[in-house]
Amino acid sequence: MIANAKYSSSCFTVNKENKRRIITLVLSLLSAIFLAYLGCVVCFCFRNTEKIQSEARATYHGDICSIWNYDGRIAYEDIIKATNDFDIRYCIGTGGYGSVYRAQLPSGQVVALKKLHRFEAEDPAFDHSFRNEVQMLTNIRHKNIVKLYGFCLHNRCMFLVYEYMEKGSLFCALRFDVEASEIGWTQRVKIIEGMAHALSYLHHDCTPPIVHRDISSNNILLNSQLEAFVADFGTARLLHPDSSNQTVMAGTYGYIAPELAYTMVVTEKCDVYSFGVVALETIMGRHPGDLLSSLTSPPSENMMITDVLDSRLLPPTNPIVAGDIVLVATMAFACLDPKPKSRPSMLRLSQEFLSLRKALAAPLRTESLWNLWNRKMDFVHQSNEHVISAQV
């Protein structure tokens, strides 16, 4: 009896020890599993953090201007470094709304940076208008319109970040003899064609239509291939049919439509007039100021088109190219009609460039400005309402 009691006590002790060992082993295994799991979590989080930081560094030093909601302080710091705190050596142009700088971002990308004047950046009304117009311009996508990459607002300073154009403005290209002689007649016609397509897009493919209001040779930029891009939408306005579209005078002297001096009503025909001025300037190699003042009446029958063409280039002898020059001059005269309603639409002009080009039958030297003046009505008599829109 006593022996059985000792045996039972011994069994109980053994069972108790086994349970303790089992519990300890289970707890050890659970602890090991937990630690392993914890290690995996920590490792995953560390790697994820590294990835995020890597992406952040890539964003910081990458194409930050393609992101509209980026940290403005980062962009500001990059811009300060890229321009050496807006050193004048990086300035490539100035205008009524600000100065333009060439900036190379840490990614190596070169952009044109437009720094708006301080007094405008401090105006709350301008701030609101600026944001609305910038947001509107982000929707513009056309091969002949300079891309707006983004903007930065930092300590009440505003920056617009644009695609960089290697050849600068059309104005500068025509002003200097060496640069002007490199732009042949075919390229000049292509420049005018690109402008026409861009303005047709703004007037007829955007809803509501957009009027640029400051088309000038300074606001037509050229890339390395001498392709034309419409730039500087600082004064652009949406054209709302239900509003009066009255505005303060905007634009560049010498390019402003005459009706704005007394009506102050902006329509797309204001851009058409400015286009006509730039078109003539492109083939003449200079601003057509004297010619414009004489266009209140038909020009003299003795004045030939070769008399006004850029003398730094030999007159075109190719019949197709000569026909293009005549076409451009005729278009320009139609655009410069003092009556806005008599001017053709940009859609009409854009599609004319897309149609089959006509060779000039007679030598260009026999073509008088008087004949071109009379032909301008061909662009007006055709109803713009029945022109089928073409893809640009």
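Strands, like helices, are taken here as DSSP runs numbered from the N terminus, with at least two residues needed for a strand. On that basis, His-212 of this predicted model sits in a loop, with strand E7 (210-211) on one side and strand E8 (220-222) on the other. Is His-212 buried or exposed? Because its relative accessibility is 0%, His-212 counts as buried, the cut-off being under 20%.

Turning to the chain as a whole, its secondary structure amounts to 13 helices and 10 strands. The chain has 392 residues, and 43% of them count as buried. Considering contacts between residues at least 6 apart in sequence, 68% link residues at least 24 apart. The chain has an accessible surface of about 21500 Å², and carbon and sulfur atoms contribute 57% of that area.

Among the helices, a pair worth a look is H7 (residues 185-205) and H10 (residues 319-335), which pack at an angle of about 40 degrees with 10 Å between their axes. Their crossing is left-handed. On the H7 side, the contact is made by Trp-185, Thr-186, Val-189 and Ile-192, and these meet Val-321, Asp-324, Ile-325 and Val-328 of H10. By residue class, the contact of H7 with H10 comprises 6 nonpolar residues, 1 polar residue and 1 charged residue.

Key: Residues numbered from 1 in each chain as written. Predicted model: local features only at pLDDT ≥ 70, side-chain atom pairs only at ≥ 80, totals over all residues. Heavy atoms only, no water. Axes fitted to C-alpha atoms, helices over the stretch in contact; angles between N-to-C directions. Helix = DSSP H or I, 4+ residues; strand = E, 2+ residues; numbered from the N terminus. Left-handed = near helix turned anticlockwise from the far one by under 90°. Contact = heavy atoms within 4.5 Å. Nonpolar A, V, L, I, M, F, W, Y, C, P; charged D, E, K, R; others polar. Buried < 20%, exposed > 50% of the residue type's maximum accessible area, 1.4 Å probe, protein only. Areas by Shrake-Rupley, 256 points an atom, 1.4 Å probe, with all protein chains shown as cover.
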